[in-house]
Amino acid sequence: MTQEQDRHQQRQQKLKQKVDEKIASAVEEKGLLLVITGNGKGKSTSGFGTVARAVGHGFKCGVAQFIKGTWDNGERNLLEKLGVAFHVMATGFTWETQNKQADTIAAQEVWQECKKMLQDPSLDVVLLDELTYMVTYDYIDLEEVLTAFKERPSHQSVIVTGRAAHRSIIELADTVSEVRNVKHAFESGIKARKGVDW
Ligand code: ATP
Ligand code: MG
């Protein structure tokens with residue numbers, strides 16, 4: 001073995017030891033609160049990826065979507081067929097509407113379904129897509145959200161997506177990722193694409 005190979009092996013051994021120690025010390029088993037926030041593309045995609053992963057393991061999942069796009073919804077078309085319950089804001093808040101009262105009613109309707117999911121021990125994973133905006137705009141009470149998260153079944157994992165997640169939700173979360181915008185096709189005048197953007 002050359003000197004360089006030897007050094008490489010020693011470094012890798014040290015690294016392996018550190019990783020093994022960390023794995024051995026991670027013993028707690030509980031449902032997670034995950035937050036995917038930031039201005040870059042990939043937050044909802046990540047949330048739905050996790051739901052797909054859980055469904056693939058035979059887990060029961062539920063989804064709430066707080067911002068209704070004007071377009072078709074690929075993830076719903078797929079996951080509903082696999083038994084995932086969807087609660088989508090039927091009317092009201094989209095980027096186009098500016099009626100606060102109607103938006104609040106629409107948000108509250110979905111939030112009531114979220115509270116049921118967050119009390120349902122048969123659900124393993126719950127995705128609350130774009131929930132952050134509802135808290136920012138005060139359509140849903142922050143304290144109510146925090147309480148529902150804290151009181152959920154201990155094995156249940158919850159994923160929250162959306163830009164500018166409230167500091168208190170971030171503090172309560174176990175895992176928080178911020179997706180940074182490096183560039184986005186839209187800025188070059190490219191249209192949102194079916195199968196990629198929705
Ligand atoms: P995705 O659903 O693709 O994972 P996202 O959830 O991270 O995106 P949102 O803020 O929810 O992002 O916006 C949803 C839509 O806006 C998607 O069509 C996405 O491609 C687009 N989008 C996301 N980030 C940006 C950006 N930085 N600039 C322009 N459009 C964006
Ligand atoms: Mg999104």
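This is a predicted model: local features need pLDDT of at least 70, side-chain atom pairs count only at pLDDT 80 or more; totals for chains, interfaces and linings use all residues.
**Entry 1: terms and overall layout**

I begin with the term that I need for placing residues: helices (H or I, at least four residues) and strands (E, at least two) are DSSP runs, numbered from the N terminus. With that in hand, I looked up where glycine 189 sits, and I found glycine 189 in the segment after strand S6, which covers residues 175-178.

I then went through the protein as a whole and counted seven helices and six strands in its secondary structure. Reading from the N terminus on, I wrote down the order of the elements as α-β-α-β-α-β-α-β-α-α-β-α-β. The C-alpha atoms fill a box of roughly 70 × 45 × 35 Å when the box is taken along the principal axes, and of the 198 residues in the protein, 35% are buried.

**Entry 2: the surroundings of ligand 1**

Which residues are closest to ligand 1? I found 14 residues around ligand 1, and the closest are Lys41, Gly42, Lys43, Thr45 and Asp197. Sorting the shell by class, I get two nonpolar, seven polar and five charged residues. I also asked which element gives the largest share of the shell, and the answer is helix H2, residues 43-56, with three residues.

Next I looked up individual contacts to oxygen atoms of ligand 1. Glycine 40 makes its contact through a backbone N or O atom, which lies 3.2 Å from an oxygen atom of the ligand. Arginine 163 has an N or O atom in its side chain that is 3.4 Å from a ligand oxygen, and for histidine 184 I noted a polar side-chain atom at 3.1 Å from an oxygen of ligand 1. As for cover, ligand 1 has 570 Å² of accessible area on its own, and the protein covers 81% of it.

**Entry 3: the magnesium ion**

I turned to ligand 2, a magnesium ion, and asked which protein atoms are its donors. They are the OG atom of Ser44 and an OE atom of Glu130, lying 2.1 Å from the ion. Serine 44 belongs to helix H2, while glutamate 130 is in the loop between strand S4 (125-129) and helix H5 (131-136), so the pair ties together parts of the chain that are 86 residues apart in sequence.

Looking at the backbone of glutamate 130, I found a positive phi, near 65°, in a residue other than glycine.

I looked at strand S2, residues 61-65, and found it mostly covered, with five of its five residues buried.

Which strands does S2 pair with, and how do they run? Five bridges join S2 to S4, and the two strands run parallel; in this pairing I noted valine 125 of S4 as the bridge partner of cysteine 61. Four bridges join S2 to strand S3, residues 85-88, again in parallel, and here valine 63 has phenylalanine 86 of S3 as its bridge partner.

**Entry 4: loop and segment residues**

I looked up alanine 164, which is found in the loop between strand S5 (157-161) and helix H7 (167-172). Alanine 164 has a positive phi of about 50°, although it is not a glycine, and at 57% relative accessibility I count it as exposed.

Aspartate 141 is in the loop between H5 and helix H6, residues 142-150, and its 39% relative accessibility makes it partly exposed. I also looked up how far aspartate 141 is from tryptophan 111: their C-alpha atoms are separated by 9.9 Å, and the two residues are 30 residues apart along the chain.

For the pair of glycine 189 and serine 46, which are 143 residues apart along the chain, I wrote down a C-alpha separation of 24 Å.

Conventions. Residues are numbered from 1 along each chain as its sequence is written. Chains are lettered from A and ligands numbered from 1 in the order in which they are written. Side-chain values use heavy atoms; hydrogens and water are left out. A residue is near a molecule or strand if one of its heavy atoms lies within 4 Å of it. A polar contact is a pair of N or O atoms within 3.5 Å; within protein, one must be able to donate a hydrogen and the other to accept it, and residues adjacent in sequence count only if both atoms are side-chain atoms. Accessible areas come from the Shrake-Rupley method with a 1.4 Å probe; for residues, only the protein chains shown count as cover. Ala, Val, Leu, Ile, Met, Phe, Trp, Tyr, Cys and Pro count as nonpolar, Asp, Glu, Lys and Arg as charged, and the others, Gly among them, as polar. Donors are N, O and S atoms within 2.8 Å of the metal (3.2 Å for Na, K and Ca); water is not among the atoms, so sites may look incomplete. Buried means under 20% relative accessible area, exposed over 50%, partly exposed in between (1.4 Å probe, protein chains only). Two strands pair if DSSP finds at least two bridges between them.
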